[in-house]
Amino acid sequence: MNPRSRLSTTAVSGLTGVVLLTGCGDGGAKAADKASSLPTATGASASASPSASASTSSDGRPKITLPSDVTLTFEGGRTGNADKDAVLADSAEMTRAVDAAIAGTDPKGEGISYYTTGKALEASLSWVAQFKKADVTITGAVRYYDRKVTLESKTAAVLTYCGDESKGFSKDKKTDKINKTPVTKDSYVTYNTRLDKNSDDVWQTSQIISARGAAQCQP
C-alpha cells in the first residue's frame, strides 16, 4: 500500500529485501523510514499445519478474517482451468493470511503457516514481526490484478500479478492515526511468485519476488 510502512530488512539477514503484500504508509514508527521489504522467499518444505485450537472451515482449512477497515480485492479468479483457479485461490488466501496476522485477527499466524512453506514461511513471519515491533497495523484497500498462472508441473506453478496499494496505509496502534502518503508510481507493485502443491492439495507459496514502480502495473 503506498508504501504502507517502510520497514527495514534487518530482521532477516542474508536475504534480499523486496516488497510484499501489505507494504504500508510512511510514518508511524522510527523503523518506517527505510525501504519497504519482505525478504525474497525461496525453498520448499513440508507444510506447517494450524494448531488444534485454530478456527477451521468444514474442509479443514483455517478461517481467515480481516478487520472491517481492511479490504482486499483479487481480480480474475476464474480461468476455466481447475488447477490454475486453485493456485489463484490459495495465493489470495496467503495474502489475506499475512494481513490477518499483521492486523491481529490471526495473532498466531496460523494462516501463514498453512499457505506458505520453507523460506517463504520464515520471511512472512519476520515481516509480520516488523509491524509488531513498529507498533503499527494496516487499514484501507488493496487491489490485486493482472494475475497470470503458469503451471510448470502437477505440483509447481508460477503466478505473476500486480498490486494497487494507493488506497492502503499503515495505522498507529496506540493513536489510530492513519499514515497517509501521496500516490506515486511506487504505489503499484509487481509480484513474481512460486507455489508448490503439498500432500493436502494446498498450493503453498514458496518464493516471492516483488518490486515497486514497475511499468507494467502502472494505471
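Student: Which side chain meets that of arginine 194 in a salt bridge?

Tutor: Side chains of opposite charge can pair when their charged atoms come close. A salt bridge here is a side-chain nitrogen of Lys or Arg within 4 Å of a carboxyl oxygen of Asp or Glu. Arginine 194 pairs with aspartate 196, at 2.9 Å from N to O. Before we go on, please note that this is a predicted model, in which local features need pLDDT of at least 70 and side-chain atom pairs count only at pLDDT 80 or more, while totals for chains, interfaces and linings use all residues. Residues are numbered from 1 along each chain as its sequence is written, and side-chain values use heavy atoms, with hydrogens and water left out.

Student: Are arginine 194 and aspartate 196 buried or partly exposed?

Tutor: Buried means under 20% relative accessible area, exposed over 50%, and partly exposed in between (1.4 Å probe, protein chains only). Arginine 194 is partly exposed at 29%, whereas aspartate 196 counts as buried at 13%. As for networks, salt bridges that share partners join Glu75, Arg143 and Asp164 into one.

Student: Which residue forms a salt bridge with arginine 143?

Tutor: Glutamate 75 does, with 3.2 Å from N to O. Helices (H or I, at least four residues) and strands (E, at least two) are DSSP runs, numbered from the N terminus. Arginine 143 sits in strand S4 (residues 136–151) and glutamate 75 in the loop between S3 and H1, so this pair ties together parts that are 68 residues apart in sequence. Arginine 143 is partly exposed, with a relative accessible area of 29%, and glutamate 75 is partly exposed too, at 35%.

Student: How many salt bridges does the count come to?

Tutor: The count comes to nine salt bridges. One of them joins the side chains of aspartate 69 and lysine 171, at 3.1 Å from N to O. Because aspartate 69 lies in the loop between strand S2 (38–39) and strand S3 (70–74), and lysine 171 in strand S5 (residues 156–172), the pair ties together parts 102 residues apart in sequence. Aspartate 69 is partly exposed at 28%, but lysine 171 is buried at 16%.

Student: How many helices and strands are there?

Tutor: The protein has three helices and eight strands. Along the sequence they follow the pattern β-β-β-α-α-α-β-β-β-β-β. Of the 219 residues, 51% are buried. Contact means heavy atoms within 4.5 Å. Among contacts with a separation of 6 or more, 70% are between residues 24 or more positions apart.

Student: Where does serine 187 lie?

Tutor: Look at the loop between strand S6 (178–179) and strand S7 (188–197). Serine 187 is buried, with a relative accessible area of 0%.

Student: Which residues does alanine 214 touch?

Tutor: Leaving out residues up to four places away in sequence, alanine 214 touches Tyr188 and Thr190. Alanine 214 lies in the segment after strand S8 (203–212) and is buried at 13%.

Student: How confident is the predictor, going by the mean pLDDT?

Tutor: pLDDT is the predictor's confidence in each residue, from 0 to 100. The mean for this protein is 78, and 74% of its residues reach 70 or more. Over residues 1–54 the pLDDT is below 50, and this stretch has 184 contacts in the model beyond near neighbours in sequence.
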